[in-house]
Amino acid sequence: MKFISTRGGEKVSAAQAIVAGLSANGGLYVPEKFPAVPREELEEMLGMSYPERAAKVLGKYLSEYDSKELLKACEDAYSRFEGGDPAPLVRLDDGVYMLELWHGPTCAFKDMALTLLPWLLRKGCDICGVKEQILVLVATSGDTGKAALEGFKDADGVKIMVFYPSDGVSKMQKLQMCTQEGKNVNVVAVKGNFDDCQTAVKEIFADGNYAAQLKERNTVLSSANSINFGRLAPQIAYYFSAYLDLVSSEQIEMGEEIDFTVPTGNFGNILAAYYAKQMGLPVRRLHCASNSNKILTDFLATGVYDLHREFYKTTSPSMDILVSSNLERLVFEVSGRNAKLTASRMEDLKKNGKYAISADELEKIQQTFDGGYADEESSVEAMYDVFIDVGYTMDTHTGCAMKVAVDWFEKHKKDETNMVIVSTANPYKFPQDVLYAVTGNDVKDSFKGIKRLHAATAMAVPKCLLNLRDKPLRFTKSVDAKNLFAEVLDFVK
Ligand SMILES: *Cc1c(COP(=O)(O)O)cnc(C)c1O
């Protein structure tokens, strides 16, 4: 399978796409075509374990990777998850399920891809004959940073550097990152919000002069953000797995279509669901859930992507994003894979903060997608209602998705399609906000929040969060967005 960039240029192999992260012209790599998973193969996958299903889906894209090695890598990655099943489905009500993707080492769904990405990257370097040291640069809205640090710590031939917005991550997320262990890791706060941080990191990737300076230091850049196809690919697998679990447990018939509601920030998670649909998974609709930063809700309704709006800091920080990078891949698809048009739209976005798609393109998108959002009050209410009604506790991001799903149910009372709501973080990652949602209690301290949340819900507290209290802070530096490259050079010297 070859890969092309959304903004044109040469075809590359899967390994090259993963090692580079982003194409030289700033475009995102997408598969030349979507590989199909026919009905017979879906039937075969019913009896498989999660790692086997994942290796099967990934193998369709990563043709130069050895399939036995890939399976072994998936087994290793998913053995780091607690409880046996890395992506369990929990039934909330008739036809309503939660897909819990947070049983990995850092308690967020990013682990689904970032436990595997280091292997994909290392192997990709071997396949491409890359001899230099790899420097993985990450811009994080909170959860990617920790999952990437944990995935790459002490990996041979790789250094990892994480940038997070100084005023845009939760206290738990910050503690998780700033106490990170490992010889090859660095964490730096960037003054501003996530968009400032992500834009500055993207500029480092796009600048040939920077690349040359790094090359002199025997270093090449790669990305662990969801713009990297190596992040996207493992995420496609859990949509297949959730579907197969519903069939195996006789909740649906093979071939019956289902819906997913996905809490969305950078559009990576929900895009993976779209890729699964393109591969033939019986998916009807995808409901894109946002918080008060509802740029995607507006785009999915109007076809206009407009950055001229207020930016809100919310209790679902991993969705506090206005420049939603992976949307470029969807816009590219519905343009009829028109790279020139996609490039000019992204140029418009950069220059004028805005672009629009045509009515035809919007219609194509709306055949599958719709968007909704939850403000702070309504996400709290959705979390509270589910807790009271069925005793299920969810995190703040999943709370936004819950609200959007409930709105859909209310508008479509006769709709009998099964709904899977994607649950993206362990509630203990946001203990004070979740405690407030389910009990109305406000506490100032995160660890006190954990204790009280445990008392209220009796849910097990993950060790990796509880241990943070006693770990020394290793990283405390905060810099201006314009000075990031100096930090990078200092780290690789
Ligand atoms: C990253 C993240 C999201 C958003 O996922 P995208 O792939 O960026 O759309 C939602 N919830 C949580 C908890 C996250 O960590």
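## Burial, charge and contacts

Author: Phe267 has a relative accessibility of 1%, so Phe267 counts as buried. Keep in mind that this is a predicted model.

Reader: Where does Phe267 lie, and how far is Phe267 from Arg231 in space, C-alpha to C-alpha?

Author: Phe267 sits in the loop between strand 10 and helix 12 (268–278). Along the sequence, Phe267 and Arg231 are 36 residues apart. In space, their C-alpha atoms are separated by 12 Å.

Reader: Is Gly255 buried, partly exposed or exposed?

Author: Gly255 belongs to the loop between helix 11 (229–248) and strand 10 (258–263). Buried means under 20% relative accessible area and exposed means over 50%. Gly255 has 35% relative accessibility, so Gly255 is partly exposed.

Reader: How far apart in space are Gly255 and Leu281, C-alpha to C-alpha?

Author: In sequence, 26 residues separate Gly255 and Leu281. From C-alpha to C-alpha, the distance in space is 8.3 Å.

Reader: Is Thr314 buried or exposed?

Author: Thr314 is found in the loop between strand 12 (304–306) and helix 14 (327–334). The limit for buried is under 20% relative accessible area. Thr314 has 13%, so Thr314 is buried.

Reader: How many salt bridges does a search of the whole structure find?

Author: Side chains of opposite charge can pair when their charged atoms come close. A search of the whole structure for salt bridges gives a total of 31.

Reader: How many residues apart in sequence are the parts that Glu32 and Lys11 tie together?

Author: Glu32 and Lys11 form a salt bridge, with 2.6 Å between the closest N and O atoms. Glu32 is in the loop between strand 3 (29–31) and helix 2 (39–45), while Lys11 is in the loop between strand 1 (2–5) and strand 2 (12–13), so the pair ties together parts whose separation in sequence is 21 residues.

Reader: Which residues are joined with Glu41 and Lys60 into one network of salt bridges?

Author: Glu41 forms a salt bridge with Lys60, and their closest N and O atoms are 2.8 Å apart. Glu41 is in helix 2 and Lys60 in helix 3 (residues 50–61), so this pair links distant parts of the chain, 19 residues apart. Glu41 is buried at 17% relative accessible area, and Lys60 is partly exposed at 21%. Salt bridges that share partners bring into one network, with Glu41 and Lys60, the residues Glu44 and Lys56.

Reader: Which residue forms a salt bridge with Lys294?

Author: Lys294 is partly exposed, with a relative accessible area of 22%. The closest N and O atoms of the salt bridge are 2.9 Å apart, and the partner of Lys294 is Asp298.

Reader: Which helix gives the most residues to the negative patch?

Author: The patch of negative charge on the surface gathers Asp93, Asp375, Glu377, Glu381, Asp385 and Asp389. Glu377 is exposed, with a relative accessible area of 64%, and lies in helix 17. With 4 residues, the element that gives the most to the patch is helix 17.

Methods: Residues numbered from 1 in each chain as written. Predicted model: local features only at pLDDT ≥ 70, side-chain atom pairs only at ≥ 80, totals over all residues. Heavy atoms only, no water. Patch = residues over 30% accessible without salt bridge, like charges linked within 9 Å, V, L, I, M, F, W, Y side chains within 5 Å. Areas by Shrake-Rupley, 256 points an atom, 1.4 Å probe, with all protein chains shown as cover. Salt bridge = Lys/Arg side-chain N within 4 Å of Asp/Glu carboxyl O. Lys, Arg positive; Asp, Glu negative; His and termini not counted. Charge placed at Lys NZ, Arg CZ, Asp CG, Glu CD. Helix = DSSP H or I, 4+ residues; strand = E, 2+ residues; numbered from the N terminus. Buried < 20%, exposed > 50% of the residue type's maximum accessible area, 1.4 Å probe, protein only.
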